[in-house]
Amino acid sequence: MSAHLGRAFGQNFLGQAPAWYKYTIVAFLIANPIVAWTLGEATAGWLLLAEFIFTLAMALKCYPLQPGGLLAIEALLIGLTSPTTVLHKVEGNLEVLLLLIFMVAGIFFLKDLLLYVFTRLLLGVRSKMMLSLLFSIAAAVLSAFLDALTVTAVVIAVCTGFYGIYHKVASGKNFQQKHDHGDDTSVEDLHREDLRRFRAFLRSLLMHAAVGTALGGVCTLVGEPQNLLIATKAQWEFGEFFLRMAPISLPVLVSGLLTCLFLEWSGSFGYGEEIPEKVQAIMRQSALEQESRRTTRDKVNLVVQGLIAVWLVVGLATHAAPVGLVGLSVIILATAFCGIIEEHRLGAAFEEALPFTALLTVFFAVVAVIADQQLFAPVIEYVLSLERDAQGSAFYLANGVLSAVSDNVFVASVYIDEVALALVNNEINRDTFDLLAVAINTGTNIPSVATPNGQAAFLFLLTSALAPLVRLSYGRMVVMALPYTIVMSLTGLAMTAIALEPATEYMYEQGWIEHHQSSELNLDADTTPHH
């Protein structure tokens, strides 16, 4: 009986995760208190940090909330940090949490409009090179004002819809019949080569769009969660954030779009496949049928969603309210004027955001350990001991490497707190803090496209139901992202080293941005000096 109970307990623990992964997490949980009591809390803190990064890197085996959460709870139990410190961390980043909860949910109710836009793009542009560029630009623009996860979700929904339509026809069925598009057994031999080419076509579009979310996401305060986290700390509003990032973000945007064109022109790294003519004809026929079925109410909903999207952009650009509250207003307006009043229909909108919100709160617990144990103090001291001209590049590189293997929100939250602490301790002045904050933000956003671990949008794409249908594996994503990673990372590093400081000085002189005082820094309990 006890053997059966033990086996059942082992199967329940972390569910479908591999056995080796479960044993590894258990080993972590056993080792941490032993290390804390024998080698000291600082050593245990470093071990915990490495373990947490491991859970992020293994996100495909098990969502990091559960193993990371167990590690965070243990850290509290063995005294590596305190609930009070964690709460102060959460309070200091409340705007980021509200962004995730309300903004992502708000965009969920504008999906009809976004689907309509991307569908028109896919069918209206004949040139694959131009289509790829437009997909990348559209994803960049949308991500600059919305959220990369949501934009990726829309692109996935569009591509899944098109794949399902063609797969159904290729299997000898009409548009109205039910069909499992994950089953290739019924695909007619005549269509198999077209299906292979169509998968390659969709893969390339998905990757261009995913990289586009990173290109646009770095530019504005709401593009990525860490942007708002850093902007809140530095007290930058929407326009100032854009201008401060521009010396790096705009050249990277241009280099990314040129890379998109080169990849399609050269057909290298898995890009360049055109949409087969038969597939395009089927897509067009399906779109015409959908258009004919669109009711007056559906058309009114599209207009309403368009007006709400305008309010969203204006509300964010003018900083009419905190970002999360603008997102909440979108939820209220979109549901009220599109007739969505049932509670269960509202709940679906929050499914994407809440798991990541919970994970971000666990991040803050680990960041609290780093703050209480002063783990990063030696790293920060080393970087700050470098010549002032080299500090920005050093932070960019350090953040870039870490963000590629773990999670960019986590890395940004750690480094911005340490730099804020250096400012509080008078180790740097406020202007230097602002330059380093730009280097940290761009460092976490740009090189993190290297792997699905670094960008939440990439991970979301990889774990979607569409990825196996179009044969998009982890390895293939890394290979397809490689040219983007090299070009964008090197461009960002060069701009950080060469252009950031003179361009910022020019903007001060022109009155586009103003010098801040150290007293303006948004301080919480973790950026006060430790004794």
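**Loop residues, cores and helix packing in a predicted model**

Asparagine 426 lies in the loop between helix H20 (408-424) and helix H21 (430-445); helices (H or I, at least four residues) are DSSP runs, numbered from the N terminus. The structure is a predicted model, in which local features need pLDDT of at least 70 and side-chain atom pairs count only at pLDDT 80 or more, while totals for chains, interfaces and linings use all residues. Residues are numbered from 1 along each chain as its sequence is written, and side-chain values use heavy atoms, with hydrogens and water left out.

Phi of asparagine 426 is near 60°, a positive value in a residue other than glycine. Most residues other than glycine have a negative phi. Asparagine 426 is exposed, at a relative accessible area of 68%. Exposed means over 50% relative accessible area, buried under 20%, and partly exposed in between (1.4 Å probe, protein chains only). Arginine 471, in the loop between helix H23 (466-469) and helix H24 (474-498), also has a positive phi near 60°. Arginine 471 is partly exposed, with a relative accessible area of 38%.

The largest nonpolar core has 144 residues. A nonpolar core is a set of buried Ala, Val, Leu, Ile, Met, Phe, Trp, Tyr and Cys residues joined through side-chain atoms within 4.5 Å. Phe198, Phe395 and Phe410 have the most contacts inside this core. Leaving aside residues up to four places away in sequence, Phe395 touches Ile380, Val383, Leu384, Tyr415, Val419, Leu436, Ala439 and Ile440, where contact means heavy atoms within 4.5 Å. A second, separate core of 15 residues includes Leu14, Leu48, Ile78 and Val369.

The axes of helix H2 (residues 19-38) and helix H4 (residues 65-77) come within 10 Å and cross at roughly 10°. Axes are lines fitted to C-alpha atoms over the stretch in contact, and angles run from 0 to 180 degrees between N-to-C directions. H2 is therefore roughly parallel to H4, a term that covers angles under 35 degrees. From H2, Tyr21, Ile25, Phe28, Leu29, Asn32 and Pro33 meet Pro67, Leu70, Leu71 and Glu74 of H4. The residues of this contact divide into eight nonpolar, one polar and one charged; Ala, Val, Leu, Ile, Met, Phe, Trp, Tyr, Cys and Pro count as nonpolar, Asp, Glu, Lys and Arg as charged, and the others, Gly among them, as polar.

The mean pLDDT of the chain is 84, and 92% of its residues reach 70 or more; pLDDT is the predictor's confidence in each residue, from 0 to 100. Over residues 525-531 the pLDDT is below 50. Where pLDDT is low, the predicted coordinates should not be read in detail.

Notes
Helix = DSSP H or I, 4+ residues; strand = E, 2+ residues; numbered from the N terminus. Parallel < 35°, antiparallel > 145°, perpendicular 65-115°, else oblique.
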